[in-house]
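Here is a short briefing on one protein chain. Keep the sequence and the 3D view open while reading.

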Amino acid sequence: MEIVIGMDIMMAVVKTKPCPGNIELRNVGRPRLKLDEVLIEVKAAAICGSDIGIYDWNDPFHFIRLPIIMGHEYAGEVVEIGDAVEGFKVGDRVTGLATIGCGFCVECRMGRSNICTNRRTYGVHMNGAFAQYLAAPARFTVCLRDEIPFEVAAPLEAIATAAHAVIERASVRPGLKVAVLGPGPIGLYIVQFLKLLNVQTIIVTGTNLDRERLRLASSLGADQTIDVTEKSAVEMVREITENKGVDVVFEASGSHLALQQGVSMLRRGGHLCLVGLGSQPAKIAPKDIVREAITLQGVYANTVETFEYVLRLIRAKKIHPELVTSNLLPIQEFARGFELAKSKVGVKIVFTFR
């Protein structure tokens, strides 16, 4: 990626080298629009856990070709429309999916573009949304109502992933007892959806670095929070559930230790839903899964339908994602944003473009 000087340039946060750190704010060329795309002037973009993994250059991201513009959670305004695009106009307020399906494979034809065989993700397989402009396929772009601010809509990818996990994959229903391992942004969004569904008990676990996030989890509706550095999470969950275990565990931290603990927290016939993208292998005994008849399920990203469903909930004020956003920063302060996210002083960090 070359530094460009001239009229068709934009600011962008670029990962430059295959090692921890090494991100820069550069002037780069604006994306060229394809026939089926809309050009979006990005107004707000949010840091995701995978952005931190790329920043730290963790193993799951070593395949990325650098340099690359980072970021995949965004909202903005349409400023140009490809010749083959219908249903959009210049000035539309929009957000969009991070993971782009090919539209032709079996998974896409089944409506599950999030697990497309040939999927591509902004900031991973192609240049991303930490930039003034983003070219996005119209079929993966979703219009916003005027009452939803760009800063609220920017993390919609993470919010929709939480909704996909709770509502579409784990089939949570009222009256269940649920544990959420990891009070990061997605874990906290999961708490909001669980509260919306009137589950009986919500337990959230975290470390001593998560104390503020655990307090936030309580304010969002968690019935119990556990600092795993002070108490045994498994023993506490067993005590809370009268040794029966919870019905569902959402592993949202990416920790291999949390994953192992999650198996021991479940009741017989329980459901373990993996949302966090861990970088280390976890040791799980197959006999524990088999003998306890545990359902082990992975969750990845979301679909256009999930986005639209979440937007309806936000408009109806059934969920409040702005409560999870801790910092609004201009893109020029990207380094501070990553420091806040990595240190867990911040929760959801949203960049603004002015």
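How many disulfides does the structure hold? The structure, a predicted model, holds 0 disulfides. The largest nonpolar core has 94 residues, and a second, separate core has 17. Helix 1 and helix 11 pack with their axes 11 Å apart.

**Cysteines**

- The cysteine sulfur closest to that of Cys 102 belongs to Cys 116. The two sulfurs are 3.6 Å apart, which is too far for a bond. A disulfide needs the sulfur atoms within 2.5 Å.
- Cys 143 has a relative accessibility of 37%, so this residue counts as partly exposed.

**Nonpolar cores**

- Seven residues have the most contacts inside the largest core: Tyr 74, Ile 190, Phe 193, Leu 194, Phe 250, Val 310 and Phe 351.
- Helix 4, residues 156-169, gives the most to this core, with 8 residues.
- Phe 351 has contacts beyond its neighbours within four places in sequence. Its partners include Lys 43, Ala 44, Ala 45 and Ile 47. Phe 130 is in contact with Phe 351 as well. Further partners include Leu 329, Pro 330, Ile 331, Phe 334 and Phe 338.

**Helix 1 and its cover**

- Is helix 1 mostly covered or mostly open? Helix 1 is mostly covered, with 6 of its 8 residues buried.
- The buried residues of helix 1 are Ser 50, Asp 51, Ile 52, Gly 53, Ile 54 and Tyr 55.
- Their cover includes strand 1 (9-15), strand 2 (23-29), strand 3 (37-46) and helix 11.
- Trp 57 follows helix 1 and has a positive phi, near 55°.

**Helix 1 against helix 11**

- At what angle do helix 1 (residues 49-56) and helix 11 (residues 334-343) pack? The angle is about 105°. The two helices are therefore roughly perpendicular to each other, because angles of 65 to 115 degrees count as such.
- On the helix 1 side, the contact is made by Asp 51, Ile 52, Tyr 55 and Asp 56. Helix 11 meets them with Phe 338, Ala 341 and Lys 342.
- The residues of this contact divide into 4 nonpolar, no polar and 3 charged.

- Thr 205 sits in strand 12, residues 201-206. Thr 205 counts as buried because its relative accessibility is 4%, and the limit for buried is under 20%.
- Leaving aside neighbours within four places in sequence, Thr 205 is in contact with residues including Val 180, Leu 181, Gly 182 and Pro 183. Its partners also include Leu 214, Ile 226, Val 228, Ala 233 and Met 265.
- Val 263 is in helix 8, residues 256-265. Its relative accessible area is 10%, so Val 263 is buried.
- Beyond its neighbours within four places in sequence, Val 263 is in contact with Leu 272, Ile 284, Asp 288, Ile 289 and Ile 294.
- Val 263 and Ser 50 are 213 residues apart in sequence. Their C-alpha atoms are 24 Å apart in space.

**Backbone points to check**

- Which residues does a cis peptide bond join? The bond links Leu 66 and Pro 67, with omega about -5°. Pro 67 lies in the loop between helix 1 and strand 4 (68-69).
- Asn 198 is not a glycine, yet its phi is positive, near 60°. Asn 198 is in the loop between helix 5 (185-196) and strand 12. With a relative accessible area of 56%, Asn 198 is exposed.
- Lys 344 also has a positive phi, near 65°. The loop between helix 11 and strand 18 (348-352) holds Lys 344. Lys 344 is partly exposed, at a relative accessible area of 29%.

**Gly 103**

- Gly 103 is in the loop between strand 7 (99-100) and helix 2 (106-109). Gly 103 counts as partly exposed, at 38% relative accessibility.
- Gly 103 and Asn 118 are 15 residues apart in sequence and 9.2 Å apart in space, C-alpha to C-alpha.

Conventions:
Residues numbered from 1 in each chain as written. Predicted model: local features only at pLDDT ≥ 70, side-chain atom pairs only at ≥ 80, totals over all residues. Heavy atoms only, no water. Core = buried A, V, L, I, M, F, W, Y, C linked by side-chain atoms within 4.5 Å. Buried < 20%, exposed > 50% of the residue type's maximum accessible area, 1.4 Å probe, protein only. Helix = DSSP H or I, 4+ residues; strand = E, 2+ residues; numbered from the N terminus. Contact = heavy atoms within 4.5 Å. Axes fitted to C-alpha atoms, helices over the stretch in contact; angles between N-to-C directions. Parallel < 35°, antiparallel > 145°, perpendicular 65-115°, else oblique. Nonpolar A, V, L, I, M, F, W, Y, C, P; charged D, E, K, R; others polar.
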